[in-house]
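Thanks for coming. Please have a look at it first.

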Amino acid sequence: MADKLTPREKGFSEWYVDLVQKAKLADYSDVKGCMVIRPNGYALWENMQRVLDKMFKDLGHKNAYFPLLIPESYLKKEAEHVEGFNPQLAVVTHAGGAKLEEPYVIRPTSETIINRSFAKWVQSYRDLPLLINQWANVMRWEMRTRLFLRTTEFLWQEGHTCHETEEDAEKETLQMLEVYRTFSEDYMAMPVMTGRKSESERFAGALRTYSIEAMMQDKKALQAGTSHNLGQNFAKAFDTKFQGRDGREHFVWQTSWGVSTRLIGGLIMTHSDDSGLIVPPKLAATHVVIIPIFGKATDTEKAQVLEKSHALAADLRKSGLGVVVDDDDSKGPGFKYFEHELVGTCVRIEIGPKDLAKGTCVMVRRDLKVKEFIPLGEAAAKAQSMLDQMQKDLFQKAKTFRDEHTFEVNSYEEMKEKADAGFLLAHWNLDPKVEARIKEETGLTTRNRPFALKQEPGKCVVTGEDSPGRIVFSKAY
């Protein structure tokens, strides 16, 4: 049997890397900072894509694709944008054996090159809103990388939209944040706090940035998605104008929003255990594994067990479930249990000659590991109800964990004492210098100011100066 994972209590980071590699989700690459996403990991990304893509299209967005290479001069058109991304840029200076007249930047994000097209496409208010999404890879040169969570190259989607008014752009920004919240909670079973980021955490070149923030099992925060109201900054830089209803020229109001393969890391760290991956059923590639148990069965009994196993698999597939019959007789049942727990198969069904004689089977939910004896005639319906309940239970377990590790703190000493405790709700005077001091002295960063948190004025925990309300501080990935 393969080596077990490092227990989470012994080393959460080691456990995470062990799980990603041993569950065959991803592997390291010879290209510094980049990863290879293996079929098990890519299946998760495909399922995430499928759900999100439908959610985007249901709201009127259409997919397009823009070049990987961006002229360096484009980034320089928006000063704050280039300053924010400059340390992470990968630049192409030579191609075809010759030095380029102008270097190209490998796409770190696409606001600039997309605006170049938008400036040509948008002429009148009748062209608005323009709702575009791109599924792509991006590159941001990272010094410290971790599989899925922070890599030099990663996969994502980036939405880019143009609107007539600031109000319309703000509505779009918040609407897409709500899409991310819905996806995170209803599909990933990962509770998130939605809210506005601080000015220092704002996307370079945006008016306002909003985020969804999730708590991992080590009580650190993960920024799982962002939505930005870009205002007119990029429109002015690229002359993206339209003739308004009043007959005059106006700059468009824009948004951008995105989630990435970092979500896979979030899913792993929210739900998985020391036995391996746990996947919410709505995103699972394999929902059920049926394991025939032969023991000392005769050839006739083996044939009967296999026949019933495949018949049950066919019934389950009619409901759209991913089903595997693991009838590889070179592996014992114990090894198969271990293997399917490691890769996160949601439900295990065991069928042997004795079970057939009784007209029953054994069913085990991945997250609970409790055996239930179910009549064979009810197995298909029971599997579906198990999966539905598992989806709900995973969300509730994660939410309870987050709520139990969220605290109000009312002094800087209390903040320091609870720096590793989870989400800290603290008053802060909005001064970036105070924010930077807190980060330097405690490792805590502002995550967002949650919409759901009732805001009441108070006093900054560091300076005692006026604060408009509490904001979430946490250590983060």
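Let me start with T270, which is buried, at a relative accessible area of 10%; buried means under 20%, exposed over 50% and partly exposed in between, with a 1.4 Å probe and protein chains only. A word on the source: this is a predicted model, where local features need pLDDT of at least 70, side-chain atom pairs count only at pLDDT 80 or more, and totals for chains, interfaces and linings use all residues. Residues are numbered from 1 along each chain as its sequence is written, and side-chain values use heavy atoms, with hydrogens and water left out.

T270 sits in helix α8. Helices are DSSP runs of H or I with at least four residues, strands are runs of E with at least two, and both are numbered from the N terminus. Setting aside neighbours within four places in sequence, T270 contacts A189, M190, M215, M216, Q217 and A398, where contact means heavy atoms within 4.5 Å. As for the whole helix, 10 of the 10 residues of α8 are buried, so α8 is largely enclosed by the rest of the structure.

Next, the packing of α8 on α2. The axes of α2 (residues 39–58) and α8 (residues 262–271) come within 10 Å and cross at roughly 105 degrees. Axes here are lines fitted to C-alpha atoms, for helices over the stretch in contact, and angles run from 0 to 180 degrees between N-to-C directions. The two helices are therefore roughly perpendicular, the label for 65 to 115 degrees; under 35 is roughly parallel, over 145 roughly antiparallel, and the rest oblique. On the α2 side, G41, L44, W45 and M48 meet L263, I264 and L267 of α8.

W45 also turns up in the contacts of S260, together with F154, L155 and W156, again leaving aside neighbours within four places in sequence. S260 belongs to strand β14 (residues 253–260) and is buried, with a relative accessible area of 12%.

Now the cores. A nonpolar core is a set of buried Ala, Val, Leu, Ile, Met, Phe, Trp, Tyr and Cys residues joined through side-chain atoms within 4.5 Å. Which members of the largest one touch the most others? Of its 75 residues, they are I268, I290 and I349. The largest share of this core, seven residues, comes from α2. Domain 1 (8–271) and domain 2 (286–387) both contribute residues, so the core lies between them; the bounds come from an automatic or database domain assignment.
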